[in-house]
Structure formats: structure tokens, C-alpha cells
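Hi,

Here is the structure I promised to pass on. Have a look at it first, then read my notes below with the model open beside you.

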Amino acid sequence: GGEDISHLSEETKEEWLRFARRRLRMQRLLESTPPGYHYHQGLLLAAEERYHEALEALQAAQARVDRYPMLSPRLGDVYLQLHQWPEAEASFRSALATDAHHPSTHRGLALAALRQGRAQEATDFALRAIGLQYYYPSAHAHLGEALIQLDEPQRAAQAFEVALHQAPGMK
């Protein structure tokens, strides 16, 4: 409810009302902040490797919209950086629902599956990423890692060779 200000002096009432109006304007501004602001803030923070803050900004964007096509993959990327594999996987799976043809989504799922010990699934996702975009060194590297876990050293070596050919300085 409202606050009783009848006991205040006229000058204090005016000051209180100015403050209340400013507070209301700020609240409306915060509530109307477009999700794009938080999305771009999250991207900037992630680029600065401030992943916990990036996650907060991207989650704020997510709370304001039902569907924002590039939000789920970016959230997934941040979760990968924070080694939160199940959350990364959930974000990338959500991204598949809006765009099943984005190679970075499949690469993200490959890495999340790989880090959770699901090498065959990681192989499948890495191959899908490569099928969508052949020049994708990290997808080839994830494929190599998965193939090692599946005890396929020849195929793993080929995947690593392609990754290093595409990105000679890759670690």
C-alpha cells in the first residue's frame, strides 16, 4: 500500500514525492529494459572472459523473452566456459529447437557430451557440426577427443590433423 505522508511538512512532502516519482521512473525503466541490452551486455562480458557476470546478463535477457534465437547458444557457450556441462547441454538443446542447422550448437553439444563421458554422442554432434561447416577446427578437435575415448586412434589422428591444418596454432 501507500505510505502515509500527511504528518510531513509541505517541503518534506514535495521532496518525498519527487523521490517517489524518480524511483517509479527508474523501476519502469528497469522493467522496460529490452532483452537485447542484457544479451549484448552478456556477449561483451563473455568476450572479456567475465563469465559469471556474462551468465547473469544472459539469464536476465532470458527472463524477459520466451524466444531469442541466439540467446540459448550464447548461454551454452558461457556454461561451457564455466564447466557447467549439464546446463550447457540444456541450453544447446534448447537452441536446436529454434535452429537445428547452426554448427556452433552441434559443436557445443559435442563438447558438453564429451565432458560428461558420452563419447559416441559427442562424435555424432561433432560430425553434424562438421557436416554443416567443414572449416571448424574445434569441432574436428572435439571429434578427435571423442574418437580417442572410443578407442579409434586412426580416425582420431585424422580428425586432429584436419584441426591442425585448419588452425595451425591450435592448442
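**What I found**

Let's start with a pair of helices: the axes of α6 (residues 103-115) and α8 (residues 137-149) come within 10 Å and cross at roughly 30 degrees. Angles under 35 degrees count as roughly parallel, so α6 and α8 are roughly parallel to each other. Their crossing is left-handed. On the α6 side the contact is made by R107, L111, L114 and R115, and on the α8 side by S138, A139, H142, E145, A146 and Q149. Sorted by class, the residues of this α6 and α8 contact are four nonpolar, three polar and three charged. Keep in mind that this is a predicted model.

**The chain as a whole**

How many helices and strands does the chain have? There are nine helices and zero strands, so written along the sequence the pattern is simply α-α-α-α-α-α-α-α-α. The chain has 171 residues, and 38% of them are buried. Its accessible surface comes to about 10400 Å², with 54% of that belonging to carbon and sulfur atoms. If you take the contacts with a separation of 6 or more, 46% of them are between residues 24 or more positions apart.

From α3, the residues Y51, A54, L55, L58, Q59, A61 and Q62 meet L71, R74, L75, V78, Y79 and Q81 from α4. By class, this α3 and α4 contact has nine nonpolar residues, three polar and one charged.

Helix α4 also has α6 as a partner: the axes of α4 and α6 come within 10 Å and cross at roughly 30 degrees. That makes α4 and α6 roughly parallel to each other, and α4 passes α6 in a left-handed crossing. Here P73, R74, D77 and L80 of α4 touch S104, T105, R107, G108, L111 and A112 of α6. The class count for the α4 and α6 contact is four nonpolar, three polar and three charged.

Is H142 buried or exposed? Buried means under 20% relative accessible area, and H142 is at 11%, so it counts as buried. Leaving aside neighbours within four places in sequence, H142 is in contact with R107, L111 and L114.

V162 lies in helix α9 (residues 153-166). With a relative accessible area of 22%, V162 is partly exposed. Which residues does V162 contact, leaving aside its neighbours within four places in sequence? The answer is Y134 and H140. There is also a distance you can check yourself: V162 and Y135 are 27 residues apart in sequence, and their C-alpha atoms are 9.0 Å apart in space.

Finally, look at two loop residues. E49 sits in the loop between α2 (35-47) and α3. Its phi is positive, about 60 degrees, although E49 is not a glycine. At 58% relative accessibility, E49 counts as exposed.

H83 is found in the loop between α4 and α5 (85-98). Phi of H83 is near 60 degrees, again a positive value in a residue other than glycine. H83 has a relative accessible area of 55% and is exposed.

Cheers

Terms used:
Residues are numbered from 1 along each chain as its sequence is written. This is a predicted model: local features need pLDDT of at least 70, side-chain atom pairs count only at pLDDT 80 or more; totals for chains, interfaces and linings use all residues. Side-chain values use heavy atoms; hydrogens and water are left out. Axes are lines fitted to C-alpha atoms, for helices over the stretch in contact, and angles run from 0 to 180 degrees between N-to-C directions. Helices (H or I, at least four residues) and strands (E, at least two) are DSSP runs, numbered from the N terminus. Angles under 35 degrees count as roughly parallel, over 145 as roughly antiparallel, 65 to 115 as roughly perpendicular and the rest as oblique. A crossing is left-handed if the near helix is turned anticlockwise from the far one by less than a right angle, and right-handed if clockwise. Contact means heavy atoms within 4.5 Å. Ala, Val, Leu, Ile, Met, Phe, Trp, Tyr, Cys and Pro count as nonpolar, Asp, Glu, Lys and Arg as charged, and the others, Gly among them, as polar. Buried means under 20% relative accessible area, exposed over 50%, partly exposed in between (1.4 Å probe, protein chains only). Accessible areas come from the Shrake-Rupley method with a 1.4 Å probe; for residues, only the protein chains shown count as cover.
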